[in-house]
Structures are given as structure tokens and as C-alpha cells.
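Please look over the sequence and the model below before reading the report on side-chain contacts that follows.

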Amino acid sequence: MTTIPMNTKGAVDHGSLSTINRSKVQGIFSLQNIQTLNRPSAGSAQTTQLNRPSAGSAQTTQRPASAPAPSRMPSQAGSQSASRPQDSFRPQPQQSAHAPAAMPQQAGSQPTAKTPAPSNAHAPTAMPPQTGIPRVQTPAQKRLPAFLKPVQKGQKIPLSSGRPPGRLTACFGWNTTNAQCDVDVSAFLLGADGRVLGDSWFVFYGQTKSPDSSCTFQSTSSQDRETITIDFHRLHPDVKKIVFVLTINEAFEKNLHFGMMKDAYIRILGPDQKELASFQMTEYYTNVISMMIGEIYDYNGTWKFHAVGNGVAKDLAGLCSLYGVQVCD
């Protein structure tokens, strides 16, 4: 039995409001456009000071980085070193059909109160930031290796001549078009009757070694995604076939299928890590969630590789039942 597991906070003065109104509002000042323009845009990472802090004050306010540089505040009565805003920072009179142009301040005059603009003043309105938009996750892609000895679907080739090949490595890779596709590799060790020798005679992410320690699963590889090594010196003599399967995890629950897969392959490496055979799939079906991508088998004492490439609408538990493994819920 096997278990599968920004509002402005500082003072607002004529100099700073004139600076803002010059670059963005071509009408008179109003409570509406001042509040709108003085609010920092959402999502802005780079900000600068809108008003210079008063002496002894640590609190500063922020403005968007795109606004012009701030001018100094107009001098108060009795102050000694305060200076007027430079002319280059003062708004220029503009002719507007909708609102009278703002008149420049006379030298030595006090700032005059601004008349509130009518409700239909043509001032730009800040758009709220869009939230709640789902982000599309891009699946991680992996470069395919060079296939030196490719075979076609259904083709069978020998891996050794009349004697066990010693130690082989089955390497697997793939890419997906859907980031939810989590692919697992499994290997079923079958007897002459096409069924496993026992419930533990298959390896996958939850059972990384066969009972005879001949087959070992590894989920990390420098070039491939997953590998399974087979030591024929340790392989049980009753094992006559090893089937390699790719399965999409939680395919039924997430409505996933092999139509979301691409670049799936298997390649067999010899003891010297040289390629003996490779098979890259070209057929991907929407009604398939598991793929028997290839198998190695004993044919009269000679071990061969068979490029299978056949899929089924069964998950890992379904495949276990197909090969005779009893799975508990």
C-alpha cells in the first residue's frame, strides 16, 4: 500500500501653487484643481519636496518628481532674508474662453485671495490607480539540450549488445504555456506480466528509490528538469521493463492538460554520460494528462529503448492502478 502524497501635509503658498498651476492648469486657481494637483500620483516611487521645511521643522511634504523645482515662500512681515519667487517660476497670463487669466502680482503688494472657480472649471482630474487586475505569470522556460541520437515515435533501438548496459541515466525536460502546469516524472518497474513487482516498485518525487536501490529519482539537474538513474548491477532479475511517465499534477482539479505542454523529451545517457538515444514529443492533446514518453525493456537479454509517446486521461493514482499499485486515499 502506497500513499501519494498623498495628501499635502505642509503649508501651501502662492509660490508653490503657482509653480504647479503653471505646468498643469491653464485656468484660474481653484480649490478643486489645487487639491487634485497637489495630491501625489499613486504608485510613484521617486518623489521630491513640494515645500521647503520651515526652520526647526523635521516634517516635509512630497510632490511628484515630474513637477518643476519649488520656489521659496514669500517673505512675512519682519523677516530679514526671505526673497520673492523668481519670475521664471511665475505663471504667465493665458487667454481662456472658460476662465479669466490669472494676473501677475504687483511688486510690493500682498497676495490676493483667489476667487473659487465654478463647478464646471476645466481642470484635469486625477484618475485613481487601477487595482485588482490579475497579473499573468510567465512560465519559466528551459533551453533544450542538443539531441545527438534522436529517434522517432514508435522506434526501438538497442542500448547494449548482449549484456547489461551497466548504468544508464534517463533525463527528462519540458516547457509549458501555462504556469500552473506542474509536471512529475515517474518510473514503473514491471515484471514479465506488465505489472509492478509490488506496491513500492515505482519511483517518483514521493519515493525516490526502488526497493532494490537500482532506480533513483532526482529532481534537480544542471541541464534537464528531472532524472532517473538505473543501475543494472542492482536491478532485480524479475524486472523486465521500466516505463517512464510524465504526469501533470492536479490536472483534474485545475483543468490542465497536455495541450498546455511543449518541448517534452527523454534522452538516455550511457555510463560515460554520452547520449545513446533521445525522443522529443511532437503531439500534445487536450484530453491527456499523463504521457508514457518512453520505456526500456529486456528483449532476449538485450536492453532496448522504445520511444512510446502515448498519453492517457489518468493522473498518477490512475497510472498506479493501471500498473498494479494499490494506492490508499
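Which side chains meet Arg234 in a salt bridge? The side chain of Asp231 does, with N to O at 3.9 Å, where a salt bridge is a side-chain nitrogen of Lys or Arg within 4 Å of a carboxyl oxygen of Asp or Glu. Asp231 counts as buried because its relative accessibility is 13%; buried means under 20% relative accessible area, exposed over 50%, and partly exposed in between, computed with a 1.4 Å probe on protein chains only.

This is a predicted model, in which local features need pLDDT of at least 70 and side-chain atom pairs count only at pLDDT 80 or more, while totals for chains, interfaces and linings use all residues. Residues are numbered from 1 along each chain as its sequence is written, and side-chain values use heavy atoms, with hydrogens and water left out.

The protein has four helices and 15 strands, taken as DSSP runs (helices H or I of at least four residues, strands E of at least two) that are numbered from the N terminus. Of its 329 residues, 39% are buried.

**Salt bridges**

The whole structure holds six salt bridges, including the following.

| Pair | N to O distance |
|---|---|
| Asp231 and Arg234 | 3.9 Å |
| Lys240 and Asp298 | 3.9 Å |
| Lys241 and Glu295 | 3.9 Å |

In the pair of Lys240 and Asp298, Lys240 lies in the loop between strand S9 (226-231) and strand S10 (241-248) and Asp298 in strand S13 (residues 290-299), so the contact ties together parts that are 58 residues apart in sequence. Lys240 is partly exposed at a relative accessible area of 33%, and Asp298 is partly exposed at 25%.

The salt bridge of Lys241 with Glu295 likewise links distant parts of the chain, with Lys241 in strand S10 and Glu295 in strand S13, 54 residues apart. Here Lys241 is partly exposed, at 28%, whereas Glu295 is buried, at 11%.

**Aromatic pairs**

A search of the whole structure finds seven aromatic pairs, meaning rings of Phe, Tyr and Trp (its six-membered ring) whose centres lie within 6.5 Å, with planes under 30 degrees apart counted as stacked, over 60 as edge-to-face and the rest as tilted. One of them is the stacked pair of Phe202 and Phe204, at 4.9 Å centre to centre and 10° between the planes, and both residues are buried. Phe204 also pairs edge-to-face with Tyr205, at 5.0 Å centre to centre and 75° between the planes. Phe204 counts as buried because its relative accessibility is 0%, whereas Tyr205, at 32%, counts as partly exposed. Phe202, Phe204 and Tyr205 belong with Phe188 and Tyr323 to one aromatic cluster.
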